[in-house]
Amino acid sequence: MLPLALALTLALQASTDWDGDEPRWDAPADRHLELGLWGGTSLDLQPGGAFAPWAGAELGWRFTESTVSLLFEGHRYAAPRADRAWTPVILARVEQRFETMRGLQGTFAFGAGAGRPFRSWELWLQVAFGLRVERGPLFLRAELGFERQSDLRLGAGAGLAF
C-alpha cells in the first residue's frame with residue numbers, strides 16, 4: 001500500500017500546478033530508452049497462500065503512448081512453491097499509457113515469458129494496471145497485477161528515460 005500512497009501523493013501534488021500551462025504527459029521525443037528498477041510483494045491467492053517478495057529491472061523502448069520492454073525479476077517463494085531461494089523470471093512486456101489527470105498517467109501492461117521455480121522453465125503471464133508520474137527524465141510508478149497462475153502482484157518502481 002505504501003507504494004500506491006506515494007504515487008498518489010506525487011500525482012496530487014503534480015495536479016496542483018497553477019502555472020496555467022497545458023499538461024504535458026509524454027516525454028520529449030528524444031527520450032526513447034527507459035531503465036527502471038522494481039520491488040514489491042506478491043500474494044498467492046490459493047488457500048494457505050503466502051506473501052513473497054520480489055525485485056526486478058526493466059529495460060524498454062518508449063513510443064508515444066506505449067513501451068515495449070524486457071523485465072527481469074527474482075521472486076522469493078517459500079518451499080512448496082519453488083525449490084530454489086530466488087526464482088528467476090524474464091518477461092517481454094507491452095505497456096499502454098493513458099492520461100488520467102494533470103501529471104499522472106494510468107498504465108495497462110501485458111507480459112509473457114518464462115520463470116524457473118523448479119528444474120524446468122514454465123510459462124509466465126502477467127497482466128497489470130498502474131499509475132505513473134514523470135518529472136523530466138525521472139519517473140515513479142506503482143502497479144497492481146496478476147501473474148503466474150494465482151499471484152496478486154503489488155509493486156513500485158523508479159526509472160530514468162534517456
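Which strands make up the closed barrel, and how are they paired? The barrel is closed by eight strands in the order E1-E2-E3-E4-E5-E6-E7-E8, and the pairing is antiparallel. From one strand to the next the twist averages 25°, where axes are lines fitted to C-alpha atoms, for helices over the stretch in contact, and angles run from 0 to 180 degrees between N-to-C directions. Strands here are DSSP runs (E, at least two residues) numbered from the N terminus, and two of them count as paired if DSSP finds at least two bridges between them. Strands of a sheet pair through backbone hydrogen bonds, either parallel or antiparallel.

This is a predicted model, in which local features need pLDDT of at least 70 and side-chain atom pairs count only at pLDDT 80 or more, while totals for chains, interfaces and linings use all residues. Residues are numbered from 1 along each chain as its sequence is written, and side-chain values use heavy atoms, with hydrogens and water left out.

Ten bridges join E8 to strand E7 (residues 138-147), and the two run antiparallel. Within this pairing, Ala142 has Ala156 of E8 as its bridge partner, and Leu138 stands opposite Leu160 in E8. The hairpin of E7 and E8 has three residues between the strands, and Arg148 there takes a positive phi near 60°. E8 also pairs with strand E1 (residues 33-44), again in the antiparallel sense, over eleven bridges, and the partner of Trp38 in E8 is Gly157.

Two residues illustrate how accessibility is described. Ser66 lies in strand E3 (residues 66-75) and counts as buried because its relative accessibility is 18%, buried meaning under 20% relative accessible area, exposed over 50% and partly exposed in between (1.4 Å probe, protein chains only). Leaving aside neighbours within four places in sequence, Ser66 is in contact (heavy atoms within 4.5 Å) with Trp61, Glu95, Gln96 and Arg97. Leu59, by contrast, is placed in strand E2 and counts as partly exposed because its relative accessibility is 43%.

Leu59 also belongs to a nonpolar surface patch of about 730 Å², made by Leu33, Leu35, Leu59, Trp61, Phe63, Val68, Val94 and Phe162. The elements that give two or more residues to this patch are E1 and strand E2 (51-62).

Terms used:
Helix = DSSP H or I, 4+ residues; strand = E, 2+ residues; numbered from the N terminus. Patch = residues over 30% accessible without salt bridge, like charges linked within 9 Å, V, L, I, M, F, W, Y side chains within 5 Å. Areas by Shrake-Rupley, 256 points an atom, 1.4 Å probe, with all protein chains shown as cover. Salt bridge = Lys/Arg side-chain N within 4 Å of Asp/Glu carboxyl O.
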